[in-house]
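Please read them with the structure open.

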Amino acid sequence: MSDHLPDPSTAPELFEGVLLRRAFAWLIDCVIIAGITIAALIVGLVLGVVTLGLGLLALPIIIPVAILGYYAATLGSPMRATVGMQAMDIVLTPVRGTPLNGWAILIHPILFWLTVWISWPFSILFALFTPRQQMLHDLVVGTLMLRRSPMQRFWRARSA
């Protein structure tokens, strides 16, 4: 890891309760994603009726694109956090000294959902044994989840 990254031993407030906060953020985001899915289903059903069933064929494409759009709009914003992450005071931070680009913003949630579907206990256990509580998809993409409010104080102190 780079020297510019916070260390849990010197800045523990950045990592306090991050895993529990991530779990609650995920639950909030699941509710929002369910809403997005329901809205897309309603639009798809209306289009299905209007187009005599052809609109229904687009649903398997439209729903994942809409969900990825949610992640792109929220993680790609200056807040670098989904609505759930913002509510839980956590932020997604790149670890390689480069800003989060479009690919990292899209790959992060895709890998997250794949690891959750395949083996969520392993992914959570993995985070318990990494020094910065990174999950497997965080390490692959090169991201770190931190508490937002202490992080802002940390970066101000480092730049001064």
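1. In which loop does Leu52 lie? Leu52 sits in the loop between helix 1 (18-50) and helix 2 (54-57). Helices here are DSSP runs of H or I with at least four residues, strands are runs of E with at least two, and both are numbered from the N terminus. The phi of Leu52 is near 60°, a positive value in a residue other than glycine. Leu52 counts as exposed because its relative accessibility is 80%; the classes are buried for under 20% relative accessible area, exposed for over 50%, and partly exposed in between, with a 1.4 Å probe and protein chains only.

2. The basis of the values is as follows. This is a predicted model, in which local features need pLDDT of at least 70 and side-chain atom pairs count only at pLDDT 80 or more, while totals for chains, interfaces and linings use all residues. Residues are numbered from 1 along each chain as its sequence is written, and side-chain values use heavy atoms, with hydrogens and water left out.

3. Confidence. The mean pLDDT (the predictor's confidence in each residue, from 0 to 100) of the protein is 88. A value of 70 or more is reached by 94% of the residues. Confidence is highest in helix 4 (residues 83-87), with a mean of 97, and lowest in helix 7 (residues 148-159), with a mean of 77. Where pLDDT is low, the predicted coordinates should not be read in detail.

4. Overall architecture. The protein has seven helices and two strands, which follow one another along the sequence as α-α-α-α-β-α-α-β-α. Along the principal axes, the C-alpha atoms fill a box of roughly 60 × 35 × 25 Å. Of the 160 residues, 38% count as buried. Among contacts (heavy atoms within 4.5 Å) with a sequence separation of 6 or more, 71% join residues 24 or more positions apart.

5. Surface and charge. The protein exposes about 9000 Å², and carbon and sulfur atoms supply 75% of this area; the areas come from the Shrake-Rupley method with a 1.4 Å probe, and for residues only the protein chains shown count as cover. There are 10 positive and 7 negative side chains, and the centres of the two sets lie 4 Å apart. Lys and Arg count as positive and Asp and Glu as negative, with His and the chain ends not counted. Each charge is placed at NZ of Lys, CZ of Arg, CG of Asp or CD of Glu.

6. Gln133 has a phi of about 55° although it is not a glycine. Most residues other than glycine have a negative phi, and most peptide bonds are trans. Gln133 belongs to the loop between helix 5 (102-128) and helix 6 (136-141). With a relative accessible area of 23%, Gln133 is partly exposed.

7. Strand 2, Arg147. This residue is found in strand 2 (residues 143-147). Is Arg147 buried or exposed? Arg147 counts as buried because its relative accessibility is 12%. Its side chain makes a polar contact with the side chain of Asp89 at 3.2 Å. A polar contact is a pair of N or O atoms within 3.5 Å; within protein, one must be able to donate a hydrogen and the other to accept it, and residues adjacent in sequence count only if both atoms are side-chain atoms. Leaving out residues up to four places away in sequence, Arg147 touches Glu13, Leu14, Glu16, Val18, Arg21, Asp89 and Ile90.

8. Strand 2, Thr143. Thr143 is also in strand 2 and is buried, at 0% relative accessibility. Beyond residues up to four places away in sequence, its contacts include Leu92, Thr93, Pro94, Val95, Leu100, His108, Gln134 and Asp138.

9. The loop between helix 3 and helix 4 holds Ala81. Ala81 is buried, with a relative accessible area of 0%. Apart from neighbours within four places in sequence, Ala81 is in contact with Thr74, Leu75, Gln86, Ile90, Val91 and Arg148. Ala81 and Ser119 are 38 residues apart along the chain, and their C-alpha atoms are separated by 24 Å.

10. Two further C-alpha distances. Gly69, in helix 3 (residues 59-75), is partly exposed at 34% relative accessible area. Val43 lies in helix 1 and counts as partly exposed at 48% relative accessibility. Val43 and Gly55 are twelve residues apart in sequence and 8.9 Å apart from C-alpha to C-alpha.
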